[in-house]
Amino acid sequence: MYVLSNSGFTAEALSFVLEKLGIRKYFKKIWSSAAYRKIKPSREFFEMAIERVLLDNPVEKRENIVFVVSYVSVIQVS
């Protein structure tokens, strides 16, 4: 699985949060739109991720990629 985030946080910050939540190990790669200077919704940002996922998984097809959208108002990490 991959994380594609349209946020102002860096991929490193997102990785830190996922690590603290104990779920970082489940994700192969994390992208943040902040690193690409893209704002949502940026088709270019999603296309870049799709291409990378297909390169990493050559037997997969584009139509098998699923984006899960979630909205989080507050995340507290201790």
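**Exercise 1.** Is Tyr36 buried, partly exposed or exposed?

*Solution.* The model is a predicted one, in which local features need pLDDT of at least 70 and side-chain atom pairs count only at pLDDT 80 or more, while totals for chains, interfaces and linings use all residues. Residues are numbered from 1 along each chain as its sequence is written, and side-chain values use heavy atoms, with hydrogens and water left out. Begin with the cut-offs: buried means under 20% relative accessible area, exposed means over 50%, and partly exposed lies in between (1.4 Å probe, protein chains only). Tyr36 has a relative accessibility of 38%, and therefore counts as partly exposed.

**Exercise 2.** Describe the aromatic pairs around Phe45.

*Solution.* Rings of Phe, Tyr and Trp (its six-membered ring) pair if their centres lie within 6.5 Å; planes under 30 degrees apart count as stacked, over 60 as edge-to-face and the rest as tilted. The structure holds four such aromatic pairs. In one of them, the ring centres of Tyr36 and Phe45 are 5.6 Å apart and the planes stand at 50°, so this pair is tilted. Phe45 also pairs with Phe46, where the centres are 6.1 Å apart and the planes make 70°, an edge-to-face arrangement. As for cover, Phe45 has a relative accessible area of 2% and is buried, whereas Phe46, at 23% relative accessibility, counts as partly exposed. Finally, ring pairs join Tyr36, Phe45, Phe46 and Phe67 into a cluster.

**Exercise 3.** Trace the order of the secondary structure elements, and state how E1 and E2 pair.

*Solution.* Helices (H or I, at least four residues) and strands (E, at least two) are DSSP runs, numbered from the N terminus. The protein has two helices and two strands, which follow one another from the N terminus as β-α-β-α. Two strands pair if DSSP finds at least two bridges between them; E1 and strand E2 (residues 29–32) pair in the parallel sense over four bridges, and Ser5 has Ser32 of E2 as its bridge partner. Together with helix H1 (residues 11–20), the strands E1 and E2 make a right-handed β-α-β unit, where right-handed means that, with the strands pointing away from the viewer, the path from the first strand over the helix to the second runs clockwise.

**Exercise 4.** Which residues of strand E1 lie on its covered face, and which on its uncovered one?

*Solution.* In a regular strand the side chains alternate between the two faces of the sheet. In E1 (residues 2–5), Val3 and Ser5 belong to the covered face, while Tyr2 and Leu4 belong to the uncovered one.
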